[in-house]
Amino acid sequence: MKAQLGTDEGKHKFVLKTPKGTRDFGPKEMAIRERAFKAIISCFKRHGAEVIDTPVFELKETLTGKYGEDSKLIYDLKDQGGELLSLRYDLTVPFARYLAMNKITNIKRYHIAKVYRRDNPAMTRGRYREFYQCDFDIAGQFDPMIPDAECLKIVHEILSDLQLGDFVIKVNDRRILDGMFAVCGVPDSKFRTICSSVDKLDKVPWEEVRSEMVGEKGLSPEAADRIGEYVQLHGGLDLIEQLLQDPKLSQNKVAKEGLGDMKLLFEYLTLFGITGKISFDLSLARGLDYYTGVIFEAVLLQQENEHVEEPLSVGSVAGGGRYDGLVGMFDAKGRKVPCVGVSIGIERIFSILEQRLEASEEKVRTTETQVLVASAQKKLLEERLKLISELWDAGIKAEMLYRKNPKLLNQLQYCEETGIPLVAIVGEQELKDGVVKLRIVATREEVNVRRESLVEEIRIRTSQC
């Protein structure tokens, strides 16, 4: 075994580590993660979503040509003498393939699963090569902007529920962007590539984006300057009205359509009471090729945190939009199924929750055990096994120490360390009297409970925890 692990002289030393851009999740991390998943799933269910799952790898062809410049980040699997496969890059393209393949034209679904990107990881900011996505999508032919508004409401509910601090949801529309590019003099063939330059504006200043457009992508300086005037604008209904009056944009059919829908969207969001957190932002581009209408991204605002020296910069924590053409790309007859959806960036959210818990030094429970079955005297293993079996059969979460004659102090200490709130102590006297001594770990108070009432007593006491 040692030789295999390369500890022999002259052999390559084998280092135990996880691959670049990945990590293990121990019990503590998983407990925090489960908490976040629970909030997200309960929100998706509150909005009436069904759940699906798809394979972790797809035919390479399924993923090709759907992600624009990001396609280079797709993991291709080695040819095993058969189909050419790639690991999924997101959950949206597999969803579109699933709809087209099964000829589904109407579904509201959520999907929580791992995706893979050959990105340069920034682990502290929750950027990995293997990570979870939590997606909610509405597919089907509906009246404009009603499902889109619900997707934004969902983002608002989840971010409020997780108490991540102040956030803003930026909203734009691919049609407004395309119209803006057209009136600024960007050639049609450069729309997508200029779009991915604009998408970098949340990370780098306008000057850098401008020089990329002109220097690398061959756009005329005049066109770049005109784009510059628009992409610095953000606001609400007032800005939409202003742009509807804009002499150039209002003449562009596509942009006008997008602005009309944006106005409708804001009216619905006003009824939902969430416009305080929504910003119509012309610099929002979202790099993916498949968006056709409304696009949005939720960003956490910097907060000075007394526990942490420098404020957390985690960027985008949710994003999504409308993609009406994607399903049609998989359909032999090109039949379209309009879709709109949102993806919650669980890894980034998780990074924040983790750092926050570390800073607060709050103890995280990694089990849900309600009671430890203990004994104060020797030779009571059989009685402990009988009692714990009764509790398990009644649906109580119970543990015991795997020793014949454990010391009472060790048993109580185990409860302190793991956060178990109750101890059920069996002793000879208690057995004679038909009772169990129930100890409340936090207060050290002890009460005798009749054996037949024990399950109910444990339920009552742990429901208050």
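I began with E446, which counts as partly exposed because its relative accessibility is 37%. My cut-offs are these: buried is under 20% relative accessible area, exposed is over 50%, and partly exposed lies in between (1.4 Å probe, protein chains only).

**Ground rules.** This is a predicted model, where local features need pLDDT of at least 70, side-chain atom pairs count only at pLDDT 80 or more, and totals for chains, interfaces and linings use all residues. Residues are numbered from 1 along each chain as its sequence is written, and side-chain values use heavy atoms, with hydrogens and water left out.

**Entry 1: salt bridges at K437.** I looked up the partner of E446 and found a salt bridge with K437, the closest N and O atoms being 3.9 Å apart. The term means a side-chain nitrogen of Lys or Arg within 4 Å of a carboxyl oxygen of Asp or Glu. K437 also meets E430 in a salt bridge, at 3.6 Å from N to O. K437 is partly exposed, with a relative accessible area of 24%. E430 is buried, at 13% relative accessibility.

**Entry 2: salt bridges elsewhere.** I searched the whole structure and noted 33 salt bridges. One of them joins E157 and R46, with the closest N and O atoms 2.8 Å apart. E157 lies in helix α4 (residues 146-161) and R46 in helix α1, so this pair ties together parts that are 111 residues apart in sequence. E157 is buried, with a relative accessible area of 15%. I also found a network of salt bridges that links D173, R175, K253, E257 and D261.

**Entry 3: the whole chain.** I counted 16 helices and 16 strands. Both are DSSP runs numbered from the N terminus: helices are H or I with at least four residues, strands are E with at least two. The C-alpha trace spans about 90 × 65 × 50 Å along its principal axes. Of the 465 residues in the chain, 47% are buried.

Entry 4: I looked up the second largest pocket and noted a volume of about 550 Å³. On a 1 Å grid over the protein atoms alone, a pocket is an open set of points with protein on both sides within 12 Å along at least five of seven lines. Lining residues have an atom within 4 Å of a point. The volume is the space filled by probe spheres set on the points. The lining has 18 residues, and A31, R365, T366, T367 and E368 lie nearest the centre. Which helix gives the largest share of this lining? It is α1, with six residues. Both α1 (27-46) and α14 (408-418) supply at least two residues each. I sorted the lining into four nonpolar, four polar and 10 charged residues.

**Entry 5: a surface patch.** V56, F57 and L77 make a nonpolar surface patch of about 220 Å². Patch residues have over 30% relative accessible area and no salt bridge, and nonpolar side chains are joined within 5 Å. F57 sits in strand β2 (residues 57-59). Buried or partly exposed: which is F57? F57 is partly exposed, because its relative accessibility is 41%.

**Entry 6: P247.** I found P247 in the loop between α9 (237-244) and α10 (253-272). P247 counts as exposed, at 65% relative accessibility. I then looked up P247 and A298, which are 51 residues apart along the chain. Their C-alpha atoms are separated by 31 Å.

Notes. 1 Å grid on protein atoms, 1.4 Å probe; cavity = no way out; pocket = protein on both sides within 12 Å on 5 of 7 lines; lining within 4 Å. Nonpolar A, V, L, I, M, F, W, Y, C, P; charged D, E, K, R; others polar. Patch = residues over 30% accessible without salt bridge, like charges linked within 9 Å, V, L, I, M, F, W, Y side chains within 5 Å. Areas by Shrake-Rupley, 256 points an atom, 1.4 Å probe, with all protein chains shown as cover.
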